[in-house]
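Hi,

Here is the structure I said I would pass on.

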Amino acid sequence: MIKQKKTGQIIVISSPSGGGKGSVIAGLLKNDNKTRWLSVSATSRKPRPGEVEGVNYYYLTEEEFKKKIDEDYFLEYTNYADNYYGTPKEYIKEKLNKGIDVILEIEIEGAANIKKLIPEALFIFIMPPSLKELVRRLKNRGTETNEKIIERFHTAYKEINEVTKYNYVVVNDVLENAIDKVEAIIKAEKCRVDRIEEVFLDTKEEEIHELLINKDLKNEVVADKIK
Ligand code: 5GP
């Protein structure tokens, strides 16, 4: 009856630092890492303890990053908290063509740039339950100086006001619930009518249609066809 697009979808997930998008995304990938893929960004930020090259980010110097900008290497990039961050173009088309969803874990400016380039992408904002909780999470992470925490908190406050630019907002109070909600959003998006490529009747359906126009349901030939 209908032929739906088999291509993957770009799923942009943003939240302020400490909003918990990393944990939500880890949950999504734990549920399914075959039909979804998390793009690894490049950054000029120094690795935090425990971060791994090629897993969390590709770590570049500022000069290397700028060179890549000139080479048109990025789908989008931005400067956030004095560091560069960018989404490499590499692999994205290939994954989408294979029917794999591509998750971009990026901040709001990057998301706005993706919206201009790919308006049909799915934009999800993960919201911390409260500002108090946000500060607590930033402090508990213990990876930033006080000054940096305050700077990130200010940025977070501004970012929360941009939530209406997204398609969906999910409050991350209980992680499992937040993951379930994002799963539901992704599932629902697959059923959007703009993913229909074609509506058609196959030969059998055409025949039934013809017969039903002319005859009633009790007619033997019709009854036989719809058995
Ligand atoms: P963090 O330093 O905490 O790892 O990341 C800071 C912010 O940069 C986060 O909001 C993160 O989602 C965002 N970010 C990470 N990679 C990219 C990217 O490739 N592009 C953009 N625009 N933002 C990114």
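Predicted model: local features only at pLDDT ≥ 70, side-chain atom pairs only at ≥ 80, totals over all residues.

**A buried asparagine to begin with**

Asparagine 172 counts as buried, at 4% relative accessibility. (Buried means under 20% relative accessible area, exposed means over 50%, and partly exposed is in between, with a 1.4 Å probe and protein chains only.) You will find asparagine 172 in the loop between β10 and α7 (175-190). Not counting residues up to four places away in sequence, asparagine 172 touches Gly19, Gly20, Val24, Ile126, Met127, Pro129, Arg137 and Ala178, where contact means heavy atoms within 4.5 Å.

Residues are numbered from 1 along each chain as its sequence is written, and side-chain values use heavy atoms, with hydrogens and water left out.

**The overall picture**

The protein has nine helices and 11 strands; these are DSSP runs numbered from the N terminus, with helices being H or I of at least four residues and strands being E of at least two. The radius of gyration is 23 Å, well over the 17 Å that the globule rule gives for 227 residues, so the protein is more spread out than a compact globule. (That radius is taken over C-alpha atoms, and the rule is 2.2 Å times the number of residues to the power 0.38.) Along the principal axes, the C-alpha trace spans about 80 × 40 × 30 Å.

Of the 227 residues, 40% are buried. Take the contacts between residues at least 6 apart in sequence: 67% of them join residues at least 24 apart. As for charge, there are 38 positive and 40 negative side chains, and the centres of the two sets lie 3 Å apart. Lys and Arg count as positive and Asp and Glu as negative, without His or the chain ends; each charge is placed at NZ of Lys, CZ of Arg, CG of Asp or CD of Glu.

In soluble globular proteins, nonpolar side chains tend to be buried together. A nonpolar core here is a set of buried Ala, Val, Leu, Ile, Met, Phe, Trp, Tyr and Cys residues joined through side-chain atoms within 4.5 Å. The largest one has 17 residues, and the members touching the most others are Ile10, Val12, Ile92, Leu104, Ile114, Ala121 and Phe123. At least two residues of this core come from each of β2 (10-14), α3 (92-97), β8 (101-105), α4 (108-117) and β9 (122-127). Which element supplies the largest share of this core? That is β9, with three residues. There is also a second, separate core of 15 residues, including Ile124, Ala178, Val182 and Ile186.

Beyond four places in sequence, alanine 121 touches Ile10, Ile114 and Asn167. Asparagine 167 sits in the loop between α6 (146-160) and β10 (168-171), and counts as partly exposed at 42% relative accessibility. With neighbours within four places left aside, asparagine 167 is in contact with Ala121, Leu122 and Phe123. Asparagine 167 and histidine 154 are 13 residues apart along the chain, with 24 Å separating their C-alpha atoms.

**Loops, a strand and a helix**

Two residues other than glycine have a positive phi: aspartate 72, near 60°, and alanine 81, near 45°. Aspartate 72 lies in the loop between α2 (62-70) and β6 (74-80), whereas alanine 81 lies in the loop between β6 and β7 (83-88). Alanine 81 is buried, with a relative accessible area of 18%.

Asparagine 83, in strand β7, is buried too, at 17%. Leaving aside neighbours within four places, asparagine 83 is in contact with Thr43, Ser44, Arg45 and Thr78. Serine 44 is 39 residues away along the chain, yet the two C-alpha atoms are separated by 5.5 Å.

Last stop: glutamate 207 in helix α8 (residues 203-214). Is glutamate 207 buried or partly exposed? Partly exposed, with a relative accessible area of 34%. Glutamate 207 and arginine 195 are 12 residues apart in sequence and 27 Å apart in space, C-alpha to C-alpha.

Cheers
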